[in-house]
Amino acid sequence: MTFEILIALIGFAFASSITPGPNNLMLMASGANYGLRRTIPHMLGISIGHAFMVVMVGVVLLQVFETYPVLNIVLKVLSASYMLWLAWKIATALPPEAKEVTGKPFTFLQAAAFQWVNPKAWFMAITAISAYAPQSMGLFAGSLIVAIVFSATNLPSVTVWAWMGVQVRRWLGTARRLRTFNVSMAVLLVVSLYPMLK
């Protein structure tokens, strides 16, 4: 991989990781509801889970999708259904009269598994492999390099969103405000499905 391609990959990884999407919206909600420390497994699950996904996309899944295009439709339906369920869980994380947040933050494994139904994660993985994986190094090694760059860039990016959620909590001192915030995050999560369903 040339230096120019590496810089371009880092730029793409950073831009796609720091911009709003399902992972970042959920992390912001988690930071606001549970705090930064309890959100760390969620953050690590995203970064490591997505890196694993990038390797699998590079080595296996692009060939499968080319052979069986119907799987793209199946993936979209499953992704949309799961994300709608998550939006509902975020919106109802705090009952109207509750004084403390109910529920639990995502675990490491839940966050890692979520990458497989996250449309933005698929876009990032497929684009990165298609555009930046060095073919001369072989399929696995090229995919692994892209995955490592993504993981190193992604973790600081998702940490920013969880931290922003913690900062937002200072202004969400009442159950009513926190409920409004959670519903807003849920609506934004649903809206983030639009590009996938076009």
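## Helix packing in a predicted model

Helix 2 (residues 22-34) packs against helix 7 (residues 139-169) at an angle of about 40°, and their axes are 7 Å apart. Axes are lines fitted to C-alpha atoms, for helices over the stretch in contact, with angles running from 0 to 180 degrees between N-to-C directions. Helices (H or I, at least four residues) are DSSP runs numbered from the N terminus. Helix 2 and helix 7 are therefore oblique to each other; angles under 35 degrees count as roughly parallel, over 145 as roughly antiparallel, 65 to 115 as roughly perpendicular and the rest as oblique.

This is a predicted model, in which local features need pLDDT of at least 70, side-chain atom pairs count only at pLDDT 80 or more, and totals for chains, interfaces and linings use all residues. Residues are numbered from 1 along each chain as its sequence is written, and side-chain values use heavy atoms, with hydrogens and water left out.

The protein chain has an average pLDDT (the predictor's confidence in each residue, from 0 to 100) of 82, and 85% of the residues score at least 70. Confidence is lowest in helix 9 (residues 194-197), with a mean of 57, and highest in helix 5 (residues 108-114), at 95.

The packed pairs are listed below.

| Pair | Angle | Axis distance |
|---|---|---|
| Helix 2 and helix 7 | about 40° | 7 Å |
| Helix 1 and helix 7 | about 35° | 8 Å |
| Helix 1 and helix 6 | about 170° | 11 Å |

Helix 1 (residues 3-18) also packs against helix 7, passing helix 7 in a right-handed crossing (the near helix is turned clockwise from the far one by less than a right angle). The contact (heavy atoms within 4.5 Å) includes Leu6, Phe12 and Ser16 of helix 1 and Val149, Phe150 and Trp161 of helix 7. Its residues divide into twelve nonpolar, five polar and no charged. Here Ala, Val, Leu, Ile, Met, Phe, Trp, Tyr, Cys and Pro count as nonpolar, Asp, Glu, Lys and Arg as charged, and the others, Gly among them, as polar.

Helix 1 and helix 6 are roughly antiparallel to each other. Among the residues in contact are Phe12 and Ser16 of helix 1 and Lys120 and Phe123 of helix 6. By class, this contact has eight nonpolar, three polar and one charged residues.

Phe123 lies in helix 6 (residues 119-132). Phe123 and Ser16 are 107 residues apart in sequence and 9.4 Å apart in space, C-alpha to C-alpha.

Terms used: Helix = DSSP H or I, 4+ residues; strand = E, 2+ residues; numbered from the N terminus.
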